[in-house]
Amino acid sequence: GFHLNRIEGLFLELKSGHFPVYIESYWMNGYGYANAIYYGDLFLYFPAILRLLGVPVVASYKLYLLAINICTILICKYCFLKIFKEDAIAFFVTLAYCSATYRMVNLFIRGAVGEYTAMMFLPLIGYCLYEIYGKNDQILKEWKLIFVFAFSMSGILYSHLLTFEIT
């Protein structure tokens, strides 16, 4: 319910013409609440925009969940294929990561939106660290890898602060 209210709050503020949303007036009987201080709202703009297009809030949340799962699978497959260089191993490691019990509990029982969104970026961090420690001298020449590392750390930061600290 909390995350559905976050999506609805973002939707109402976007509908009112407020962007970026800092305080959602939907909360606390119209007094507002600054959710974005504690929880990154960047990725929740996607379901909020779906709400603007007329999609019900629960359906927009489920589409967000589907999008995160698809992105997680694609990122895992890419990273593990780069690390292991064999399709079968990359497939099974991707399967193991994407169907891990903790991740499934976050997705379908706890509804921990920030945490499972941050988990989408963790394989990218692992891949970047693998490349950094494997190439030693040439790392400063690979700006693409540095950009991917910064992008993935930023993705974790904008989705779940505790995962960012742990990472």
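## Ground rules

Two residues are in contact when heavy atoms lie within 4.5 Å. Helices are DSSP runs (H or I) of at least four residues, strands are DSSP runs (E) of at least two, and both are numbered from the N terminus.

This is a predicted model: local features need pLDDT of at least 70, side-chain atom pairs count only at pLDDT 80 or more, and totals for chains, interfaces and linings use all residues. Residues are numbered from 1 along each chain as its sequence is written, and side-chain values use heavy atoms, with hydrogens and water left out.

## The overall fold

The protein chain has ten helices and zero strands. Read from the N terminus, the order of elements is α-α-α-α-α-α-α-α-α-α. The C-alpha trace spans about 55 × 30 × 25 Å along its principal axes.

The chain has 167 residues, and 41% of them count as buried. Buried means under 20% relative accessible area, exposed means over 50%, and partly exposed lies in between (1.4 Å probe, protein chains only). Now take the contacts with a separation of 6 or more: residues 24 or more positions apart account for 55% of them.

Two packed helices are described by the angle between their axes and the distance between the axes. Axes are lines fitted to C-alpha atoms, for helices over the stretch in contact, and angles run from 0 to 180 degrees between N-to-C directions. Angles under 35 degrees count as roughly parallel, over 145 as roughly antiparallel, 65 to 115 as roughly perpendicular, and the rest as oblique.

Helix H3 covers residues 45-52 and helix H4 covers residues 57-84. Their axes come within 9 Å and cross at roughly 140°. H3 is therefore oblique to H4. The crossing of H3 and H4 is right-handed. A crossing is right-handed if the near helix is turned clockwise from the far one by less than a right angle, and left-handed if anticlockwise.

Which residues of H3 and H4 meet? From H3 come Phe46, Pro47, Leu50 and Arg51. From H4 come Val57, Ser60, Leu63, Tyr64 and Ala67. By class, the contact of H3 with H4 holds seven nonpolar residues, one polar and one charged. Ala, Val, Leu, Ile, Met, Phe, Trp, Tyr, Cys and Pro count as nonpolar, Asp, Glu, Lys and Arg as charged, and the others, Gly among them, as polar.

H1 and H3 pack at an angle of about 60°, with their axes 8 Å apart. H1 and H3 are therefore oblique to each other. Their crossing is right-handed. H1 brings Ile7, Glu8, Leu10, Phe11, Leu14 and Lys15 to the contact, while H3 brings Tyr45, Pro47, Ala48, Ile49, Arg51 and Leu52. The residues divide into nine nonpolar, no polar and three charged.

H4 also packs with helix H6 (residues 101-110): the axes come within 11 Å and cross at roughly 160°. That makes H4 roughly antiparallel to H6. This crossing is right-handed. Tyr61, Leu65, Ile68, Asn69 and Thr72 of H4 make the contact with Arg103, Leu107 and Phe108 of H6. The classes here are five nonpolar, two polar and one charged.

## Salt bridges

A salt bridge is a side-chain nitrogen of Lys or Arg within 4 Å of a carboxyl oxygen of Asp or Glu. How many salt bridges does this rule give? The count comes to four. One of them joins aspartate 41 to arginine 6, with the closest N and O atoms 2.7 Å apart. Aspartate 41 sits in the loop between helix H2 (35-38) and H3, arginine 6 sits in helix H1 (residues 2-15), and the two are 35 residues apart. Aspartate 41 is buried at 7% relative accessible area. Arginine 6 is buried too, at 2%.

Glutamate 8 and arginine 51 also meet in a salt bridge (3.0 Å, N to O). Glutamate 8 lies in H1 and arginine 51 in H3, so the pair ties together parts 43 residues apart in sequence. Glutamate 8 is buried at 13%, and arginine 51 is buried at 15%. Lysine 77 and aspartate 87 form another salt bridge (2.8 Å, N to O). Lysine 77 is in H4 and aspartate 87 in helix H5 (residues 87-98), so this pair ties parts that are ten residues apart in sequence. Lysine 77 is partly exposed at 27%, and aspartate 87 is partly exposed at 47%.

## Histidine 160

Histidine 160 lies in the loop between helix H9 (143-157) and helix H10 (161-166). Is histidine 160 buried or exposed? At 18% relative accessibility, histidine 160 counts as buried. Leaving out residues up to four places away in sequence, histidine 160 touches Gly114, Glu115 and Ala118.
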